[in-house]
Amino acid sequence: GMCNSIIFLDSSVGGFGDPERRGINIMMIHDNSGMSVVANEKHFALLENSGVVENMCWAQHTWRAFEIHLGAGEESQKIVSHISSVLSDREISILNFTTFETDLILVQEYQVGKSQSCFAEFARYGVEGMLEQIEQKEERGKQSNGNKEAHPLRSALMSGNANGTDRDRPPSEKTVRFTDDLKSKTNAYLQVLPKPLVLVQIGRNVLKECFFAIMKQLLANVDRSVITAPPLLGCIDSDKLSCIASENVNGNRSRRENASSMPSMDATQRNSFFWAYLSSKDEVSLVIEESSLSEFPEGSLLECGKSWIGIKLCGKDIPFHETGVVKTMSKPYEAGVQTLNMSTYSTNVTLVREEDLDMAVNKIREALNGAETICIGL
């Protein structure tokens, strides 16, 4: 059930905020589903020469990065979520990653020109203009009384067919993946990851001192993913999920209590994890479990405030040409919830503050299929 995958990234092509483009070296996102890798030309060549690439599924089209430099804070996350929403409405499929200092939006090579036009519009509006647009959108949402037209992604996810549209898909588009021949047997659902996460930055001057801790975590996660690998994507028994969801709703227990006592998929939920290594030309960021901070040398990490809880979209292997994934998972921002986002090869994980978890889950469920959307681990 493990899926190790890779995306080849060319140079950064634009962005918003700080005009200096720093570029990406390599990003590794690891969870129970496998390892997703985003690599620039140099690092891709290293992986290729080592023979690793031939054992991975990989996206055949090159991707390009747009960097958003607005610093940390609620306003910057609102703008990133708004940009993701606009790109989705323009039928541009994206991947989104949050580092300690930067937000990265990746688009496939054939959509670079269209994306550059959008970012030129964002630059003309500026930060204040975009915040004004967001306020107007929120006001329109309140006046509509929730009568919103369903996004095509919602229909695709909930119908058991997430193949998307071929409108913007080049004739040669063909994504190589292990799950090409699998047919989904259940609707999309959400999983709340059981352990609090933190976003940290490692100074370049102490990176060598942190190398042992990084490798220790990476290898430990490999062991965990092998031992507790979940069923193949799309092959989870929906009746079993419904049973878990019912107990979560009626049991009146806390999230952490539920994580240790669910009757089904118990070990899988307890041992689910999320880990990310994000390296650009001048920063290295990590998303790690809060409990593992002590493994790093004292003073080597710069922490980003309080901890985060991950919400993972499960049950579908979403193709790259499908739009609206990041938009859907960023819906909590409309309720004033700060979010961080991490795309993977086949799905998406959104990070929120623990005190905002219930609100965030409700907003994402609303964007999918309302109360019928199952959420495990809550």
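Predicted model: local features only at pLDDT ≥ 70, side-chain atom pairs only at ≥ 80, totals over all residues.
How many of the seven residues of strand 13 (residues 308–314) are buried?

Residues are numbered from 1 along each chain as its sequence is written, and side-chain values use heavy atoms, with hydrogens and water left out.

Seven of the seven residues of strand 13 are buried, so this strand is largely enclosed by the rest of the structure; buried means under 20% relative accessible area, exposed over 50%, and partly exposed in between (1.4 Å probe, protein chains only). Strands are DSSP runs of E with at least two residues, and helices are runs of H or I with at least four, both numbered from the N terminus. In a regular strand the side chains alternate between the two faces of the sheet. Here both faces are covered, with Trp308, Gly310, Lys312 and Cys314 buried on one side and Ile309, Ile311 and Leu313 buried on the other.

## Pairing partners

Strand 13 pairs in the antiparallel sense with strand 8 (residues 189–192) over four bridges, where pairing requires that DSSP finds at least two bridges between two strands. Within this pairing, Lys312 is the bridge partner of Gln191. Strand 13 also pairs in the antiparallel sense with strand 15 (residues 348–353), over five bridges, and there Thr350 is the bridge partner of Ile311.

## Glu132 in helix 3

Glu132 lies in helix 3, and this residue is partly exposed, with a relative accessible area of 47%.
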